[in-house]
Amino acid sequence: MASAKIKIIARLRPRLNAELDDGSVKVIHSSDDTGSSSGSVISVTNPRDPSQVFKFPFSSCYDETSTQEEIFQNDVQPMIDVVYSGVTVTIFAYGVTSSGKTHTMQGSKSEPGVIPRTIQAMFDKKEMISGYNVSLFVSYMEIYKDEVYDLLVTRENAPKLPVRENDAGMVFVANLTSEPISTVEEFDIIYNRATKHRSVGSTNLNHASSRSHAVLTIEAKLYDPVENKILTGKINLVDLAGSENNKLTGNDHSRMAESAAINKSLSVLGQVVHALNSSAVSLHS
């Protein structure tokens, strides 16, 4: 794994018809003297001063021609082994509204995203493990206006769930449903049903804008019958709601309340990511 606690990956989506294609934003892959890749940057030309070019470095960068398969194989597939070693891995899709987060995470039948590919990879890896009895479980929740709801139950029956801290200092959501899954097809049924419970709404920028942060968790429990021990790893797949400019989205009063909660939570998340990567806070093992 990389020495950094957090890897940040940038992906440019194809431009929409109404967007200007002036070549001012592009991906640049740099190489060292040996010809091997030494990093990627997003290059942005200042529209007011074309001689000024801003370069933003990332762990990985993908341009608008990148494929779902390419992103998964390079940056997600290596995490599957980490999960099965008993570690919790979290993958966020972060960006402004209508930037393609849900496409990257969920995708479509013809272009499956991170979530369906991860599920398939988790089951593939399970079949390769010997000496352990392996069980997989799924939980799915959304954070809507700072309140947590279980997406595996219907909204009419879904109470707000409390967020608590255990004796070890780990934060968890109490009473969150966790269902066992034995096949990819079984997961698909559960996931497709639960996704319909997620809060969405129409704005000027996105007719099906996510109004909540959705957190899908796949938990792997490996039981060692010889040592009588259980090893647990998790992968959290998070489709964040997009940050919004209310002047552009045309939000009404109710949408503005959602937008305020979204923008505030994303701002705090940015601070947390910066603190974690700069070792400004202690980390729970």
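Start by selecting N228: with a relative accessibility of 57%, N228 counts as exposed (exposed means over 50% relative accessible area, buried under 20%, and partly exposed in between, using a 1.4 Å probe and protein chains only). You'll find N228 in the loop between β14 and β15 (229–239). Its phi is near 55 degrees, a positive value in a residue other than glycine. Most residues other than glycine have a negative phi.

Before moving on, a word on what's on your screen. This is a predicted model, where local features need pLDDT of at least 70 and side-chain atom pairs count only at pLDDT 80 or more, while totals for chains, interfaces and linings use all residues. Residues are numbered from 1 along each chain as its sequence is written, and side-chain values use heavy atoms, leaving out hydrogens and water.

Next, click on D146, in the loop between β7 and β8 (147–150). Here too phi is positive in a residue other than glycine, near 70 degrees. D146 counts as exposed because its relative accessibility is 54%.

Now for the helices. Helices (H or I, at least four residues) and strands (E, at least two) are DSSP runs, numbered from the N terminus. Select residues 184–195, which are helix α4.

Which residues of α4 are buried? Colour V184, F187, I190, Y191 and A194. Looking down the axis of α4, these buried residues fall within an arc of 125 degrees, so they line one face of the helix (the arc is that of the directions from the helix axis to the C-beta atoms). Among the elements covering the buried residues of α4 are α3 and β14 (213–224).

So select α3 next, residues 114–128. Its buried residues include V114, R117 and K126. α3 and α4 pack at an angle of about 145 degrees, with their axes 10 Å apart; axes are lines fitted to C-alpha atoms, for helices over the stretch in contact, and angles run from 0 to 180 degrees between N-to-C directions. Show I115, I119, Q120 and F123 of α3 together with V184, F187 and Y191 of α4: these make the contact (heavy atoms within 4.5 Å).

Key: The expected span of a helix is 1.5 Å times one less than its number of residues.
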